[in-house]
Amino acid sequence: MDVANFLLALIVVHSFAAFPSATSSKDQIQNPSIQPLLLQACINVENQNSCLTNLQTELKRMPPSDHSTSLIVSAALKTTHDEAKAAIQTITTSLDALSPISYREQIAVEDCKELLDFSVSELAWSLDEMRKIRSGSSNVHHHDGNLKAWLSAALSNQDTCLEGFEGTDRRLERSMTGSLRQVTQLISNVLGLYTQMHNLPFKPPRNVTASATPAKNQSSSEFPSWMTDEDQKLVKSSPRGMHVNAVVADDGSGRYRTITEAINAAPTYSTRRYIIYVKKGVYRENVDMKRKKTNIMLVGDGIGETVVTGNRNFMQGLTTFRTATVAVSGKGFIARDMTFRNTAGPEKHQGVALRVDSDQSAFYRCSMEGYQDTLYAHSLRQFYRECNIYGTIDFIFGNGAAVLQNCKIFTRVPLPLQKVTITAQGRKSPHQSTGFSILDSYVLATQPTYLGRPWKLYSRTVFINTYMSALVQPRGWLEWYGNFALGTLWYGEYKNYGPGASLSGRVKWPGYHIIRDFATASFFSAERFINAMSWLPATGVKFNFFNAGLNN
């Protein structure tokens, strides 16, 4: 232990000596096993004394208990939640002090406010989940999946905020960095604390072996189990045969002429599915579904028939986050039979067609068409089935936990000297439950193509049972710069096929894995990687991960 941490440990011990008993046993309050947990919750935080004081205050407010580890996590979550709320005010204050500001800076500041609000929401959800755990809920896997997903998302939002200041003189970024670093460190600490308490990395279920086969009474589903029976029926049925809540038609034959109008009219924080049928047509608009717009479903008339198109891009002074033609943030979003398009072109650099921050979202028979940064799987749990994705550079990127199943990936012509890379996954901590899993899909490269490169230190991506055309390069993967992340990333391939799938020339990085056992591969199945079975076990929908994009 270094000197700073030793001194902090002494502070912890002293603090507990003065801590009023919340139980009948003083020994429990001064339990030595609790002290390292407090130390970890405040490690590397600028004002550690303040952190410890805040934790004590929160612990005092909690019901009498033995101050178990779950209480420490809850107290740390509440402290972090309050810090994130305070950071939003700090950003507003910084803006007032440093005005006037440029257009790009103004957009970046608005991004930061929204992203910190995301973090506040995700921390609040996590707090509520911890209350359920402390109340004795037996649904451990459900809570575990939720907490890891939400804390993983909250950890990355501040990075996206700061990335928005690219192309500025960074003065505003510098004014915000301190408070954002504090929030990020607190989230990182609580995520690490929780993960160490509940860590099961790459461990198959007890009844799974490499030679396992699905039980006869287990059914296979095309969709994750968070999708209810009713939602699955909606996804599969004809729009003309379903009850819809709103109709959008650019020819005036529906109630609304634009998707944005229909979204604005939809209820907020709805617990019921709200279906918007978007008739055949080309809709030239940018759609931004905020977090309060929950359980919305967009139904089109098919890929290439119902098209939402825009051309926002980085060269217009926008942040990458704000270039999206369609952005969805409310929980439980579903889209089917739609095209999301950004026509900015490669010379305009970043131009997102679809950005997703919607937890437990699903896309069925959709097409995402762009060039650089087409599909921004920014955060939280996402599922794509029978979708098409087109692009040039890093065109599936972000730090969501995303599974792409039975999808087709198409490459386009990049700018001269650019190298086509499909993925740029942004996992920044080994504790985050994020990554990209591409299953039973098709890489249809028409340009020399690499499967991915590490955007962040712990980037995680796998290709499983996927066809790879001849222009997938023999080495498979590309560096970001130098040796960055080559030993910490987690890239893997399992039972891919086609002329570009040969493993003989693949990179030899420490973090690259030729997956040889089914148990490891099964970790990346839809059922396990995005924790589908643990989220909504009461739905009765069986989703056998052996059949969910993995074949033994």
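**Entry 1: the pattern.** I began with how the bonded cysteines pair up. Counted along the chain, they follow the pattern 1-2, 3-4. The structure holds two disulfides. I took a disulfide to be a pair of cysteine sulfur atoms within 2.5 Å.

**Entry 2: ground rules.** I noted that this is a predicted model, where local features need pLDDT of at least 70, side-chain atom pairs count only at pLDDT 80 or more, and totals for chains, interfaces and linings use all residues. Residues are numbered from 1 along each chain as its sequence is written, and side-chain values use heavy atoms, with hydrogens and water left out.

**Entry 3: C42 and C51.** I looked up this pair next. The sulfur atoms of C42 and C51 lie 2.1 Å apart, and the two form a disulfide. Which hand does the link of C42 and C51 have? The torsion about its S-S bond is about -85 degrees, so the disulfide is left-handed. I then checked burial. Buried means under 20% relative accessible area, exposed means over 50%, and partly exposed is in between (1.4 Å probe, protein chains only). C42 has 0% relative accessibility and counts as buried. C51 is buried too, at 5%.

**Entry 4: C112 and C161.** I moved on to the other link. C112 is joined to C161 by a disulfide, S to S 2.0 Å. I read 90 degrees about the S-S bond of C112 and C161, and this link is right-handed. C112 sits in helix α6 (residues 103–134) and C161 in helix α7 (residues 140–163), so the pair ties together parts that are 49 residues apart in sequence. Helices (H or I, at least four residues) and strands (E, at least two) are DSSP runs, numbered from the N terminus. Both C112 and C161 are buried.

Entry 5: C366 is buried, with 0% relative accessibility. C407 is in no disulfide either; its nearest cysteine sulfur, in C387, is 4.7 Å away. I found C407 buried, with a relative accessible area of 0%.

**Entry 6: E369.** E369 lies in strand β12 (residues 367–369). Is E369 buried or exposed? E369 is buried, at 10% relative accessible area. I listed its contacts (heavy atoms within 4.5 Å). Leaving out residues up to four places away in sequence, E369 touches T339, F340, R341, N342, A353, T374, Y390 and R412.
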